[in-house]
Amino acid sequence: MQDRLQALKEEALLKIEQASDLKALQDIKVSYLGKKGPITEVLKGMGKLSPEERPVVGAYANEVRDAITSALELKISELEQAVIEEKLKKESIDVTLPGRPVRKGNAHPLTAVIEEIEDLFLTMGFTVAEGPEVETDYYNFEALNLPKDHPARDMQDSFFITEDILLRTQTSPVQARTMEKHHGRGPVKIISPGKVYRRDDDDATHSHQFMQIEGLVVDENVRLSDLKGVLETFAKKMFGEERKIRLRPSFFPFTEPSVEMDISCFKCGGKGCSICKHTGWIEILGAGMVHPNVLEMAGFDSKKYTGFAFGMGPERIAMLKYGIDDIRHFYTNDLRFLKQFKKA
Ligand code: 2U9
């Protein structure tokens, strides 16, 4: 019986040695150590042995089973390791290969123009102020010298949320709020870029939501000539050093006097062309000296303090600068339009 066990052991160890995959090892395990395997058969026949032989054969059978079990475990772990090594070899990364190109985006043309304008005013000592798009009637109208019955309110037909709360129609409430925070002490020198809303039918030149950049300077001895100097610097930096500016009288409820600023046409230099509608001049923005009522409502002594303010539409500036013919291009997210503003 011991010879039979010895032969089984050698046979099993040889097969384990020669096995080339995990499935073959599993089959060997079942066929040698399983319930119907030859070792179990030998153990079952031990009843026929003499009492002296029985423990000797039993111990040897256990030894054979342990030898086969450990040979199987060793071979299994060798094969598993080989599989891992094969996988590592196949999946190794060549770090010297060139990477896939990353698609680069670009700033939205409006964002680019707003940032350019912000940078210009930052170099002139202005800071950027922001405020809520959902405003109270007080900051949007009343504090800007537009009382409830004022006819100029009609020009800013609005989206009201309640009787007293609306989507702001201009960024002027940011200036009114900033002035209040100064508690009657200057200087105030800010620009306020942001979204504004007006009830309007959208077409090539109108949008119910658009952007504004307004500016405000309040201090002692601020004059119209200061306004003119700041606007001229802005016009030249934005549209070319050769630009001339002109101020025409206008009306805004929050400024007195009020003006519109034109620049000499950057296309024809003033001779007259389709861009300047053959006038030689292009209207860029509105401005004026802050109305004393507005200063007083925000807590400034209008005998001691004066100020100037201006407002412009970045869409209009971008349309002029890049020859864009329809304001809706800014808001419809057409990549064919947006990709044209990639910087080289
Ligand atoms: C305060 C005092 C005065 C802001 C000003 C304009 C002139 C102006 C419009 C032009 C076209 C805006 O984009 S647009 O619709 N704005 O012409 N805005 S003065 O004056 C202020 C603002 C706040 C406290």
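**Exercise 1. The ligand and its shell**

Which polar side-chain atom lies 3.2 Å from an oxygen atom of the ligand? Then describe the shell around the ligand.

Solution. The model is predicted: local features need pLDDT of at least 70, side-chain atom pairs count only at pLDDT 80 or more, and totals for chains, interfaces and linings use all residues. Residues are numbered from 1 along each chain as its sequence is written, and side-chain values use heavy atoms, with hydrogens and water left out.

Step 1. The atom belongs to the side chain of Gln212.

Step 2. The ligand taken alone exposes 560 Å², of which the protein buries 88%. Accessible areas come from the Shrake-Rupley method with a 1.4 Å probe; for residues, only the protein chains shown count as cover.

Step 3. Elements giving two or more residues to the shell are α7, β5, β8 and β9. Helices (H or I, at least four residues) and strands (E, at least two) are DSSP runs, numbered from the N terminus. With four residues, β9 gives the most.

Step 4. The ligand is surrounded by 17 residues, the closest being Gln212, Phe252, Gly286, Ala309 and Met312. By class, the shell holds nine nonpolar residues, seven polar and one charged. Ala, Val, Leu, Ile, Met, Phe, Trp, Tyr, Cys and Pro count as nonpolar, Asp, Glu, Lys and Arg as charged, and the others, Gly among them, as polar.

**Exercise 2. The sheet**

Solution. Step 1. Two strands pair if DSSP finds at least two bridges between them.

Step 1. On one side, β8 pairs with β7 (residues 255-264) in the antiparallel sense over eight bridges, and Val259 stands opposite Ala287. With β9, the pairing of β8 is antiparallel over four bridges; here Met289 stands opposite Phe308.

Step 2. β9 also pairs with β5, in the antiparallel sense over seven bridges, and Phe310 is the bridge partner of Gly215.

Step 3. β8 is largely enclosed by the rest of the structure, because eight of its ten residues are buried. Buried means under 20% relative accessible area, exposed over 50%, partly exposed in between (1.4 Å probe, protein chains only).

**Exercise 3. Helix α10 and Asp326**

Which residues of α10 are buried, and what does Asp326 touch?

Solution. Step 1. In α10 (residues 314-322) the buried residues are Pro314, Glu315, Ile317, Ala318, Met319 and Leu320. Their cover includes α5 (109-123), β5 (209-219), α8 (224-239), β8 (281-290) and β9 (306-312). Gly323, just after the helix, takes a positive phi of about 65°.

Step 1. Asp326 lies in the loop between α10 and α11 (335-338) and counts as buried at 14% relative accessibility. Beyond residues up to four places away in sequence, Asp326 touches Asp203, Ala204 and Met319; contact means heavy atoms within 4.5 Å.

Step 2. The Asp326 side chain makes a polar contact of 2.9 Å with the side chain of Arg328. A polar contact is a pair of N or O atoms within 3.5 Å; within protein, one must be able to donate a hydrogen and the other to accept it, and residues adjacent in sequence count only if both atoms are side-chain atoms.

Notes
A residue is near a molecule or strand if one of its heavy atoms lies within 4 Å of it.
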